[in-house]
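Let's take a walk through a protein model together. Have the sequence and the 3D view open as you read.

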Amino acid sequence: MVADSHEHNGTEVHVACLMCDVLCEIPELGPGEQGACIGCGAVLSARSTYGPGLSLACALASLVMLALAYVYPFLTLESSGLGHQLSLISLPETMLAFGRPGIAASIVLLTLIFPTILTLLNISVLIPFHFGMTAPDYAIPVLRWSHHLTHWSMVDVFVIGVLASLTKIISLADITLGIGFWAYMAFALLGLVSFWHFDRAPLWHWTEPHIRHGEHKAGIAT
Ligand SMILES: [Zn+2]
């Protein structure tokens, strides 16, 4: 993200550039358009070509894939006639058995709990936005929490870690990748596509009646 602060004034959005600190006015962008900094040219805001529909479809599909990843075996290891099946659901338990409670907790939080909450939060605003409904009261806190959680969803780090481990293990044992493995890869990919097309700027525009209502109430209170 390049932009570090958003100010809403009517239908305009003012964004401070993180690269050069210039305050830029971002007009309402059309699908596939980008808003760049007038000082340094850094992209401050970009609209997805396909709109929120693709983000929503990928988010819903990613949850199905995550469920499959936890139901089916992740991989099977075979060495010297002995086989061992690993599944995502048993992975934290295995880590606990090896005396690694920190890793067990990290796996559950960073690869399951946080990505699931993030996806559900995004879906909860994408459904009313996509179907042209007015922004619900929860839209503003949901967008804020969704922004914070993006830093704590580490599905991509887990995928890279798994692939790196596989390249080491492959020389020690025969590996058979299970349905759970492919489902988790699909979950990671769909989640990434959903995140790329999750346009925050139009969503913030959409919540502006609530922001103005909040500012009006604060004005009366002071
Ligand atoms: Zn700039």
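Ser80 sits in the loop that links S6 and S7. Helices (H or I, at least four residues) and strands (E, at least two) are DSSP runs here, numbered from the N terminus. What you're looking at is a predicted model, where local features need pLDDT of at least 70, side-chain atom pairs count only at pLDDT 80 or more, and totals for chains, interfaces and linings use all residues. Residue numbers start from 1 along each chain, as its sequence is written.

Ser80 isn't a glycine, yet its phi is positive, at about 50°. Asp21 is another non-glycine residue with a positive phi, near 70°, and it lies in the loop between strand S2 (12-17) and strand S3 (23-26).

Are these two buried or exposed? A residue is buried if 20 or more other C-beta atoms lie within 10 Å of its own, exposed if 12 or fewer, and partly exposed in between, with C-beta atoms placed from the backbone.

| Residue | Other C-beta atoms within 10 Å | State |
|---|---|---|
| Ser80 | 5 | exposed |
| Asp21 | 11 | exposed |
| Met65 | 20 | buried |

## Strands and their partners

The chain has 8 helices and 8 strands. Two strands pair if DSSP finds at least two bridges between them. An open sheet of 3 strands runs in the order S7-S6-S8, with antiparallel pairing. Its edge strands, S7 (82-86) and S8 (174-177), each pair on one side only. Strand S6 (residues 75-79) is joined to S8 by 4 bridges, and Glu78 has Asp174 in S8 as its bridge partner.

Elsewhere, strand S4 (residues 34-36) and strand S5 (residues 43-46) make an antiparallel pair over 3 bridges. Look for Ala36, which stands opposite Val43 in S5. The hairpin of S4 and S5 has 6 residues between the strands, and Gly41 takes a positive phi there, near 85°.

## What's inside

Buried residues account for 23% of the 222 residues in the chain. A nonpolar core is a set of buried Ala, Val, Leu, Ile, Met, Phe, Trp, Tyr and Cys residues joined through C-beta atoms within 7 Å. Which residues touch the most other members of the largest core? Out of its 24 residues, they are Met65, Ala69, Val125, Leu126, Ala183, Tyr184 and Phe187. Helices H1 (51-71), H3 (101-130), H4 (139-149) and H6 (179-196) are the elements that give two or more residues to this core. There's also a second, separate core of 5 residues, including Val13, Val15, Cys37 and Leu44.

Now zoom in on Met65, which is found in helix H1. Leaving out residues up to four places away in sequence, Met65 touches Ala183, Ala186, Phe187 and Leu190; a contact means C-beta atoms, placed from the backbone, within 7 Å. Met65 and Phe187 are 122 residues apart in sequence, but their C-alpha atoms are 5.1 Å apart in space. Among chain contacts between residues at least 6 apart in sequence, 61% join residues at least 24 apart.

Finally, turn to H4, where Ala139, Val142 and Ser146 are buried. These three lie on the same side of H4 because they cover an arc of only 60° around the axis, taken from the directions from the helix axis to the C-beta atoms. Pro141, Arg144 and His148 are exposed, on the face of H4 turned away from its buried side.

Technical notes
Contact = placed C-beta atoms within 7 Å.
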